[in-house]
Amino acid sequence: MQNAMSSTTDRYNWIKRHYVVRALEAVQDLIVISLCIGLFSFMVIQLREMVLSLLPPLAFTAVTADILFLLILVELFRLLIIYLQEQRVSIGVAVEVSIVSILREVIVRGVLETPWTQIAASCAFLLVLGMLLVIRVWLPPTFEGIDPEQVLSARRTRELAVAAAIEEEMTDVPTRTNHHANHHRELEQPQF
């Protein structure tokens, strides 16, 4: 009686927890959708500013800064879309946004006007981000419905099952050999 009662309570708590998690995920998706709409509106405004900056007199650094800033906004928008589709933050896109942001700052300020310490720090940061992009290729896909720990656990379980089957086969071989030998002897004995 007590066991059935605790089982029902556990099931009820799991159902409540499941609904709470789903509600929180829905709220989070609404927040991300709001961010997407706001970012898209801001991109339209920035595009208008960029078109106006193309009118004479043409300021090359301002146009370049606007174009790079628009590219950063597009990448951030893509990051939000990936999050909505796959419920994850894409490491590659986040690193790409960071790289373009750093390059934008260096281009807008100008390499010659920027102190050498900031240039060295930017280069070191770009090197680290580049290594992150390279390392990301070798990392197992933790999303897309694949859990590496679960895959490794299943693989280990299969290996243990195969090893157990081989061991059982090896211990079963002498028994079968003795059985065949006894059966062979019975056939050789003359029957009266």
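Tutor: We begin with accessibility: a residue is buried under 20% relative accessible area, exposed over 50%, and partly exposed in between, with a 1.4 Å probe and protein chains only. Phe 69, at 23% relative accessibility, therefore counts as partly exposed. Please note that this is a predicted model, in which local features need pLDDT of at least 70, side-chain atom pairs count only at pLDDT 80 or more, and totals for chains, interfaces and linings use all residues. Residues are numbered from 1 along each chain as its sequence is written, and side-chain values use heavy atoms, with hydrogens and water left out.

Student: How many aromatic pairs does the structure hold?

Tutor: Rings of Phe, Tyr and Trp (its six-membered ring) pair if their centres lie within 6.5 Å; planes under 30 degrees apart are stacked, over 60 edge-to-face, and the rest tilted. The structure holds 2 aromatic pairs. Phe 40 and Phe 77 form a tilted pair, with 6.0 Å from centre to centre and 45 degrees between the planes. This pair links distant parts of the chain, since Phe 40 lies in helix α1 and Phe 77 in helix α2, 37 residues apart; helices are DSSP runs (H or I, at least four residues), numbered from the N terminus. Phe 40 is partly exposed at 46% relative accessibility, and Phe 77 is partly exposed at 23%. The ring centres of Phe 42 and Phe 69 are 5.9 Å apart and their planes stand at 90 degrees, so this pair is edge-to-face. It too links distant parts of the chain: Phe 42 is in helix α1 and Phe 69 in helix α2, 27 residues apart.

Student: Which residues does a cis peptide bond join?

Tutor: In general, most peptide bonds are trans. Here a cis peptide bond joins Pro 56 and Pro 57, with omega about -5 degrees. Pro 57 lies in the loop between α1 (2–53) and α2 (60–86).

Student: How many disulfides are counted?

Tutor: A disulfide is a covalent bond between the sulfur atoms of two cysteines. The criterion is a pair of cysteine sulfur atoms within 2.5 Å, and the count comes to 0 disulfides. Cys 36 is buried, with a relative accessible area of 7%, whereas Cys 123 is partly exposed at 47%.

Student: Where is Val 108 placed?

Tutor: Val 108 belongs to helix α3 (residues 91–109). The C-alpha atoms of Val 108 and Ala 65 are separated by 5.8 Å, although these residues are 43 apart along the chain.

Key. Helices (H or I, at least four residues) and strands (E, at least two) are DSSP runs, numbered from the N terminus.
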